[in-house]
Structures are given as structure tokens and as C-alpha cells.
Amino acid sequence: MNYNHKRTSVTMVNYHIVFCPKYRRKLLVGKVKERLNEIVDEVSKENNWTIISREIMPDHVHLFVSADPNTKPEIVVKRFKGRSSRYLRKEFRELLKMPTLWTRSYFLSTAGNVSASTIKKYIEQQWHK
């Protein structure tokens, strides 16, 4: 994982994102899965985000994304879910039978190069110097 260097800052903001199709249906297979992979690539490229890792299972999606720190985490999720829902439902008519492609909920967690305990230990050691 790399740091993002800008003129006045150095950042690394990584998100672990998980979201599921409505009713946890096993829809993300075959051509739908292939197209979803393409859409994830398009969204990340347009926003200058890096996909560190991904796993598209039949009934859920895991993304590990390095994003710009100025983009709110919920916007990152919304862009992946929104674009993919719109495109997949347009291209695969069988998905129109569902009221929506994705559930409203999602999981999002931040991650970096070091653990929380390592950071805590580092900060505590600064006090004693």
C-alpha cells in the first residue's frame, strides 16, 4: 500500500467495503460478475482510487479501496453501489424483477499499514521522550 503525496500532505486512506444484493440473492455470477468487475474498475479509475483487493462472491462484494481523504466514506460506497445498480439492471433485464439490486446497508471499515495498537503504543511513547 502506498502513501498519496500531495503538495502539503501525505495520506493513506483505505476502506474495506462489503455490500450485498437485496435478499442476499446469489446473483453475482457469470456475466453479471464480469460486468460488475468492469464497473468497479471504471468507478475507481474515474475517482482516482486504487482497488487494493476485491472479491465478488455470488451473494456479496468485498472491496479494499485506497481513496482520496477528501471524499467522504459513504460517497465511496454510494458511487460503487449506484453505478453498478444502474448499469447492471439496465444491461441484465432479469435484475429488474427485484425492487433494487443492493440492500440499503453496507459495512465499511478503515485500514492502514499499522494496527491501532501500534499507533496507540507509538503515541504513548512520545509522552515519555
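Colleague: Through how many residues does a hairpin join strand 4 to strand 5?

Modeller: Through two residues. Strands here are DSSP E runs of at least two residues, helices are H or I runs of at least four, and both are numbered from the N terminus. Strand 4 covers residues 50-57, and strand 5 covers residues 60-67. This is a predicted model, where local features need pLDDT of at least 70 and side-chain atom pairs pLDDT 80 or more, while totals for chains, interfaces and linings use all residues. Residues are numbered from 1 along each chain as its sequence is written, and side-chain values use heavy atoms, without hydrogens or water.

Colleague: How many bridges join strand 4 to strand 5?

Modeller: Strands pair when DSSP finds at least two bridges between them. Here strand 4 and strand 5 share seven bridges and run antiparallel. Start at S53: its bridge partner in strand 5 is F64.

Colleague: In what order do the four strands of the open sheet stand?

Modeller: The order is 4-5-3-6, with antiparallel pairing. Strand 4 and strand 6 (107-111) are the edges; each has a single partner strand, so one side of each has no neighbour in the sheet. On average, neighbouring strands are turned by 15 degrees against each other, direction ignored. Angles run from 0 to 180 degrees between N-to-C directions of axes fitted to C-alpha atoms, for helices over the stretch in contact.

Colleague: How many bridges join strand 3 to strand 5, and how many join strand 3 to strand 6?

Modeller: Strand 3 (residues 13-19) has seven to strand 5. It has five to strand 6, again antiparallel. Two pairs to locate: N14 stands opposite S66 in strand 5, and H16 faces S109 in strand 6.

Colleague: Which strands does helix 1 touch where it packs on the sheet?

Modeller: Contact means heavy atoms within 4.5 Å. Helix 1 touches strand 4 and strand 5, and its direction makes about 160 degrees with that of strand 4. Helix 2 (residues 73-91) lies across strand 3, strand 4, strand 5 and strand 6, at about 45 degrees to strand 3.

Colleague: Is strand 5 mostly covered or uncovered?

Modeller: Mostly covered: seven of its eight residues are buried. Relative accessible area sets the class: buried under 20%, exposed over 50%, partly exposed in between (1.4 Å probe, protein chains only). E55, in strand 4, is partly exposed at 41%. Leaving aside neighbours within four places in sequence, E55 is in contact with H60, V61 and H62. N37 is 18 residues from E55 in sequence and 9.3 Å away, C-alpha to C-alpha.

Colleague: Which residue has a positive phi of about 60 degrees although it is not a glycine?

Modeller: Most residues other than glycine have a negative phi. Y23 is the case here, with about 60 degrees. Y23 sits in the loop between strand 3 and helix 1 (30-46) and is exposed at 54%. R24 lies in the loop between strand 3 and helix 1, with a positive phi near 55 degrees. R24 is partly exposed, at 44%.

Colleague: What volume does the largest pocket have?

Modeller: About 230 Å³. Of its 15 lining residues, N4, N48, T50, S66 and A67 are closest to the centre. A pocket is an open set of 1 Å grid points over the protein atoms alone where a 1.4 Å probe fits, with protein on both sides within 12 Å along at least five of seven lines; lining residues have an atom within 4 Å of a point. The volume is the space filled by probe spheres on those points, joined across faces, edges and corners. Strand 4 and strand 5 each supply at least two residues of the lining.
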